[in-house]
There are 2 protein chains.
Amino acid sequence: MTTRPRASTEEVYARVRADLLGGVYAPGERLKSTPLCETYGASVSVIRETLSRLTEQGLVESEPRIGFRVRQVSVDDLRHLTSARIDIESLALRYAIERGDMTWESEVVAAHHRMERTPMLTADAPPRVSDEWEAAHSGFHGALLDGAQNPWLLGIATTLRDAGEFYRRWSQVHEPGRDVAGEHREILEATLARDADRAVRALAQHYQHTADILERALAERDVAQNS
Amino acid sequence: MTTRPRASTEEVYARVRADLLGGVYAPGERLKSTPLCETYGASVSVIRETLSRLTEQGLVESEPRIGFRVRQVSVDDLRHLTSARIDIESLALRYAIERGDMTWESEVVAAHHRMERTPMLTADAPPRVSDEWEAAHSGFHGALLDGAQNPWLLGIATTLRDAGEFYRRWSQVHEPGRDVAGEHREILEATLARDADRAVRALAQHYQHTADILERALAERDVAQNS
DNA sequence: TATTCAGAGATTTTCGAATATCTCTTGTTT
DNA sequence: AAACAAGAGATATTCGAAAATCTCTGAATA
């Protein structure tokens, strides 16, 4: 959100994407070019190109001649997304476990360690999930799949992860009783043991659990909005 | 490749994409803005936005400050693509068979019929695979998956199909002995019988068969180029 | 001879103004 | 009162020129 003069498309793209994933813009919110130009210190063509690319990724929606808006969220969409994500990440994880070398293993362990050592919640009241932890979390799941070595599969997984992160960030929910660290540890152990079935089961449960919580939050919000 | 004045981004995008899939541009070929502006009768910003979007889809590659070029092809990439495609389309086909309704069934049958009734080869010498058949073929495979009803999955499948079509179009190979129609019929029958395992097996074999042929053509071309 | 450097030309990238389109308000007609 | 039409303002879209950057050539230097 910092305002700087002169910015290349690549940079603006990265910043808008980060802001989108960081929950700066609400789902469905219109993304008008003029304000965005000022915010990111770029001209209309740069903003337009950025939004085009993000549309292709599904983070932004475009109605030609009307404008761009942040992707809408809905329970249905979340279900579809979760299903696709579990299916595809499971595939990738299986390949990774089958083919991943030692470098990959080390990266996974390192990413896990980084996540464990990053405090999940901020000191704010009410506490929010910290940006650092979100990044480390994303990094861990990315590292898990990297062993699959199929750029197509990894690209797809990244797109889906981004969309998922958007849901997660937007509904800053936190389930007190949940043992997230334990879930991650289980995935890590099964992966290192090269036990694909167990790892995939743990991964699927992890995502499904998150999705269930998000779905509940989403339903509540819908009820609140309609009243 | 038709030259018309005044074109909206959406239209230019569709035309460039079609030309890319239609084999008008060679893999690795540079896509310079000035010639493209003239070809499509649009200004540089429109072209740029189009290429950006296609880059996001993997049909075009971009090196910032250097330019855009048509996606490179390689045996390795083809293998990755084929693997991802088989895995993901299999998933989608299973969902479609599980959940598809009668409308879906009818669409599948209709698309198959359309493909069967379209002549595969042109009257040229040497005969080429006709554009109409390619479109019908793509339509059939698309119809198969549509029953899955998961927009995320379908979007991904489309992206991968586009990339595959690019390979297919570019290396206009035709295996005389191959019974493509039979392969399609097998997929269709298994699908209508709601026999997921059999349908998925047939689909995977179909794609693998195509990929093997393409790979051979690609390897030959590489040898020819390096001499 | 190999390497470096300068500069011309080609190309990409960015910009902001000009144009086209949409949206909402207000007034008119039925 | 309802439906429609006109117009003002907001906004998206397109354009082509200006600026930044890259690439290639050929001469100067070690």
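**Contacts between the chains and within them**

Modeller: To begin at the contact between the chains, the side chains of B:Arg48 and A:Glu49 meet in a salt bridge, N to O, at 2.4 Å, where a salt bridge is a side-chain nitrogen of Lys or Arg within 4 Å of a carboxyl oxygen of Asp or Glu. This is a predicted model, in which local features need pLDDT of at least 70 and side-chain atom pairs count only at pLDDT 80 or more, while totals for chains, interfaces and linings use all residues. Residues are numbered from 1 along each chain as its sequence is written, chains are lettered from A and ligands numbered from 1 in the order in which they are written, and side-chain values use heavy atoms, with hydrogens and water left out.

Colleague: How many salt bridges does the rule find across the interface of chain A and chain B?

Modeller: The contact, meaning heavy atoms within 4.5 Å, takes 31 residues from chain A and 31 residues from chain B. Between the two chains 13 residue pairs are in polar contact, both at pLDDT 80 or more; such a contact is a pair of N or O atoms within 3.5 Å, and within protein one must be able to donate a hydrogen and the other to accept it, with residues adjacent in sequence counting only if both atoms are side-chain atoms. As for salt bridges across this interface, the rule finds four.

Colleague: Which helix gives the most to the side of chain A that touches chain B?

Modeller: Helices (H or I, at least four residues) and strands (E, at least two) are DSSP runs, numbered from the N terminus. On the side of chain A that touches chain B, α1, α3 (44–57), α4 (75–99) and α7 (151–170) of chain A each supply at least two residues. The one that gives the most, with nine residues, is α4(A).

Colleague: What area is buried between domain 1 and domain 2 of chain A?

Modeller: The bounds, which come from an automatic or database domain assignment, are 9–70 for domain 1 and 75–226 for domain 2. Buried area is the accessible area (1.4 Å probe) that two parts lose on being put together, summed over both. Carbon and sulfur atoms give 65% of the area between these domains, which is about 840 Å².

Colleague: Which side chains meet in a salt bridge at 2.9 Å?

Modeller: Across the interface of domain 1 and domain 2 of chain A the rule finds one salt bridge. At 2.9 Å, N to O, the side chains that meet are those of A:Arg17 and A:Asp162.

Colleague: What is phi of B:Arg65?

Modeller: In chain B, strand β2 (residues 60–63) runs antiparallel to strand β3 (residues 67–70), joined by four bridges, and two strands pair if DSSP finds at least two bridges between them. These strands form a hairpin with three residues between them, and B:Arg65 is in the turn. Most residues other than glycine have a negative phi. B:Arg65, however, has a positive phi, near 70 degrees.

Colleague: Which residue does a cis peptide bond join to B:Ala125?

Modeller: Most peptide bonds are trans. In chain A the bond from A:Ala125 to A:Pro126 is cis, with omega near 0 degrees, and A:Pro126 is found in the loop between α5 (102–117) and α6 (131–146). In chain B a cis bond, with omega about 0 degrees, joins B:Ala125 to B:Pro126.
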